[in-house]
Amino acid sequence: MAKTQKQEIKKIVLAYSGGLDTSIILKWLKNEYGCKVVAFSADLGQGDELAPIREKALATGADKVYIDDLREEFVRDFVFPMFRASAIYEGHYLLGTSIARPLIAKRQMEIAAKEKCDAVSHGATGKGNDQVRFELAYYHFDPAIKVVAPWREWDLNSRQALIEYAKKNGIPIPVTKKRPWSSDRNMLHISFEGGILEDTWAEAPEEMYVLTTSPEKAPNKPQYVEIEFKNGNAVAVDGEQMTPAQLLAHLNYLGGQHGIGRVDLLENRSVGMKSRGVYETPGGTILREAHSAVEQITMDREVLRIRDSLIPEYARQVYGGYWFSPERQMLQTLIDDSQKCVNGVARVKLYKGLCRTVGRKSDTDSLFNLDFATFEKDQVYNQADAEGFIRINSLRLRIRSLMQANRKK
């Protein structure tokens, strides 16, 4: 950013995680822009990671610190709508990082307005997806907002350069056991990337995992869990009503015990390159399986087919940062209408890394009718009717075969 433009910025709100990178960014903003910096951290379920953040931010030069508990809003207004859509990216990724970014950006922009900030800033690199997710959301809330993305401006282009900058500016460098990968955590998942994971042939080390027990060391006895849904949202586990955040936290605990939800994926980033991500999503994996089970018994075949055809597009929009776009909102309206009948209970079995449905029921919206489905003698279905159904559906195939045979004559 040009010097004159820098001088116009008097106050910035920074999405601050408390890690080395955003601590350096906080100090860099103070040094380069000479402005006030408001540090903002969203509590999305990071656990102990949040404890030292306020003290660290103030010690690094923050003029004010916000730490906001957004866990219920995160699950209720972001995770649950996405799970009503059964969204999954490239067949494996349950979008744990992707879905958190629009909420962080939303609250960041609310703070920017409250504090009368001239600009917002984030710690995303110029190679990743998060820069897109954050900034698309920023511009949704204020098309004129100034965005400072240090990774696209500074010349600190290596880990060693960052460490040297930290030493020069008195920023504490954590003295911990070497962990050659980066991670991001919230209530839905924890992700790992970089470092040793850049060897796509090497198996992720067991000591990397945080939320889940190794399936090999998980209990030898399976656990059965019953999850109740209303309008496509999970509302109770084993008969106990819970808030959205409480429910997801409980499923995380159960899934973690049984090694549920580990994924190792070589995915396609929005900017065009491939990258490897390793994910732990224990509660989300259980939730998606149970939701699908209740849909199987309550949703009309053609409604389900149309909704399922939209999953790749919906997931692409979430992954790419288009949460606040009109196209995502349009899809959500259609999807939510399809979920009005998704009321019932799924029974799932957790065992050594696997989660599978073993039962489903709905007292109000079941479309399963034993009189029609039974293999025993029935009074409502004439099996001879199937002959006409088959002949009509085979008509195009028979015509094609006849035409091909005529061409050979």
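Which two helices have axes that come within 10 Å and cross at roughly 60°? You will meet them in View 1. Everything here comes from a predicted model, in which local features need pLDDT of at least 70, side-chain atom pairs count only at pLDDT 80 or more, and totals for chains, interfaces and linings use all residues. Residues are numbered from 1 along each chain as its sequence is written, and side-chain values use heavy atoms, with hydrogens and water left out.

**View 1. Helix α2 crosses helix α7.** The answer is helix α2 (residues 20-33) and helix α7 (residues 159-168), whose axes come within 10 Å and cross at roughly 60°. That makes α2 oblique to α7. Helices here are DSSP runs of H or I with at least four residues, strands are runs of E with at least two, and both are numbered from the N terminus. Axes are lines fitted to C-alpha atoms, for helices over the stretch in contact, and angles run from 0 to 180 degrees between N-to-C directions. Angles under 35 degrees count as roughly parallel, over 145 as roughly antiparallel, 65 to 115 as roughly perpendicular and the rest as oblique. The crossing of α2 and α7 is left-handed; this means that the near helix is turned anticlockwise from the far one by less than a right angle, while clockwise would be right-handed.

View 2. Helix α9 covers residues 282-298. Its 17 residues should span 24 Å, and the end C-alpha atoms are 25 Å apart, which agrees; the expected span is 1.5 Å times one less than the number of residues. Twelve of the 17 residues of α9 are buried, so this helix is largely enclosed by the rest of the structure. Among them are Pro 282, Ile 286, His 291 and Glu 295. Buried means under 20% relative accessible area, exposed over 50%, and partly exposed in between (1.4 Å probe, protein chains only). The axes of α4 (residues 71-84) and α9 come within 10 Å and cross at roughly 45°, so the two are oblique to each other. Here the crossing is right-handed.

View 3. Two strands pair if DSSP finds at least two bridges between them. β6 (residues 182-185) and β7 are antiparallel, with four bridges, and a hairpin of four residues joins them. Look for Ser 182, which stands opposite Glu 193 in β7. Strand β7 (residues 190-193) is in turn joined to β12 by three bridges, again antiparallel, with Ser 191 facing its bridge partner Tyr 279. Six of the seven residues of β12 (residues 274-280) are buried.

**View 4. A five-stranded open sheet.** The strands follow the order β10-β9-β8-β13-β14, with antiparallel pairing. β10 (240-241) and β14 (354-361) stand at the edges with a single partner strand each, so one side of each is left without a neighbour in the sheet. Seven bridges link β13 (residues 344-351) to β14, and Tyr 351 stands opposite Leu 354.

**View 5. A cysteine without a disulfide.** The structure holds zero disulfides (pairs of cysteine sulfur atoms within 2.5 Å). For Cys 35, the nearest cysteine sulfur, that of Cys 117, is 8.9 Å away. Cys 35 is buried, with a relative accessible area of 4%.
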